[in-house]
Amino acid sequence: MSLFASDKNLALELVRGTEAAVMASGRWFGRGSKNDVDRAAVEAMRYMLNSVSMKGTVVIGEGEKDEAPMLFNGEELGLGDGPEVDIAVDPIDGTRLMACGLGGAISVVAAADRNSMFSPQDLFYLDKIVTGPEAADFIDIEAPVHVNLRRVAKAKNKDVEDVTVVMLDRPRNDAIREEVCKLGARIRLIPDGDVSGALTTCWTDATADLLLGSGGSPEAVITACAVKCLGGNMQCRPYFRNEEDEEKAKARGLTRHSVLELEDLVKGDNVFFAATGASDGDMLRGVRYKGKHIHTSSICMRGKSGTVRHISAVHSPKKLSELGSAIDYSPKH
């Protein structure tokens, strides 16, 4: 069954999963424990997604099943009576940000028709280039950095010096950073969370024009779902840390020069993306606890229609508990 075959708005069902994840994990904000942030988010998201009418299979999760409280690759989610879908999750994109009390962390979930998402398997990192609708037709990951910067600048009617490039602050991205600096463009380094970093290039009031550099391959697939909804563009190439990475990729027919287009990362336009702010960022406000209520800020996007919904919600933990919710939203002492 297609993701959008039923009249039920599956999009709004899935955003409840990201809301639950941030409401539960937000109690650990700034308290230094990544494991507690992760555990709270994962357990809340799993509980909520298992209440959705769908036959979901996690394609992008946290590896194979083990003892950790993670949403693992191959896990079945949902009530089993709805559309068959691939699910990509990151209960908290930016776990370290949350644990350290920093901004920019979000909870994300994406869905698409079954067998439509690229499975990274042993390919852990990808070189990425992402931009929004205005320059979507002008980027080329095989072209030099200066070519892409000038193309994006021209498409956006800017000088190169006015272009802002966002990238993960990692040593592996230092060479690209140096090239961007030589060209005089602006750089915004982010410590973690390249899903939200990439999406800042796609808004109407975008705070960045281009994302460059390598980052996690699971995050690339999640990002691709959102970029499709927003009308932007994204391309990737394998990034190998060592010969072992390269040999494993070669067995799949992938080399350093293989280009993954947006359609390779997620096929078709039957895609959905939802995100809720965990801590304050450019894209979303973080979760807020106000007495008896919890406030969340989310976006919900649908590729087929191109609709982007901004959802500001007020939740009552007491009433949710009375309805039978098993998620613990109470303060942690």
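Tutor: Start with a helix. On H5, the face turned away from the buried side carries the exposed residues Glu-178 and Lys-182. Keep in mind that the model is predicted.

Student: What makes Glu-178 and Lys-182 count as exposed?

Tutor: Exposed means over 50% relative accessible area. Glu-178 and Lys-182 are classed as exposed, so each is over that cut-off.

Student: Which residues of H5 are buried, and how do you know that they lie on the same side?

Tutor: The buried ones are Ile-176, Val-180 and Leu-183. Around the axis they cover an arc of only 60 degrees, which puts them on the same side of H5. An α-helix has 3.6 residues a turn, so residues three or four places apart point the same way.

Student: What covers the buried residues of H5?

Tutor: The cover includes H4, E6, E7 and E8. Just after H5, Gly-184 has a positive phi of about 85 degrees.

Student: Why is E6 called largely enclosed?

Tutor: Five of the five residues of E6 are buried, so the rest of the structure largely encloses this strand. Buried here means under 20% relative accessible area. Thr-164, Val-166 and Leu-168 point one way from E6, while Val-165 and Met-167 point the other way. In a regular strand the side chains alternate between the two faces of the sheet.

Student: How do you know that E6 and E7 pair?

Tutor: Pairing requires at least two bridges. E6 (residues 164–168) and E7 have five, in the parallel sense, so they meet the requirement. Partners in E7 include Ile-187 for Val-165 and Arg-188 for Val-166, and Leu-168 stands opposite Ile-190.

Student: What joins E6 to E8?

Tutor: Two bridges join these parallel strands. The requirement is at least two, so E6 and E8 pair as well. Val-165 has Leu-210 as its bridge partner in E8.

Student: What is the strand order of the sheet, and what makes E7 and E9 edge strands?

Tutor: The open sheet has five strands in the order E7-E6-E8-E5-E9, with mixed pairing. E7 (186–190) and E9 (233–239) each have a single partner strand, so one side of each is left without a neighbour in the sheet. From one strand to the next, the twist averages 15 degrees. H5 (residues 174–183) packs on the sheet, where it touches E6, E7 and E8 (210–216), and its direction makes about 155 degrees with that of E7.

Student: Why is the unit of E6, H5 and E7 called right-handed?

Tutor: E6, H5 and E7 make a right-handed β-α-β unit. With the strands pointing away from the viewer, the path from the first strand over the helix to the second runs clockwise, which is why the term applies.

Student: Is Asp-162 buried, exposed or partly exposed, and what decides the class?

Tutor: Asp-162 has a relative accessible area of 43%. That value falls between the cut-offs of 20% and 50%, so the class is partly exposed. Asp-162 sits in the loop between H4 (145–155) and E6. Beyond residues up to four places away in sequence, Asp-162 touches Arg-186 and Asp-209.

Student: Which residues touch the most other members of the largest nonpolar core?

Tutor: Met-117, Leu-199, Met-234, Phe-273, Ile-299 and Met-301 do, in a core of 47 residues. H7 (residues 217–230) gives the largest share, nine residues.

How values were computed. Residues numbered from 1 in each chain as written. Predicted model: local features only at pLDDT ≥ 70, side-chain atom pairs only at ≥ 80, totals over all residues. Heavy atoms only, no water. Helix = DSSP H or I, 4+ residues; strand = E, 2+ residues; numbered from the N terminus. Axes fitted to C-alpha atoms, helices over the stretch in contact; angles between N-to-C directions. Contact = heavy atoms within 4.5 Å. Core = buried A, V, L, I, M, F, W, Y, C linked by side-chain atoms within 4.5 Å. Buried < 20%, exposed > 50% of the residue type's maximum accessible area, 1.4 Å probe, protein only. Arc of directions from axis to C-beta.
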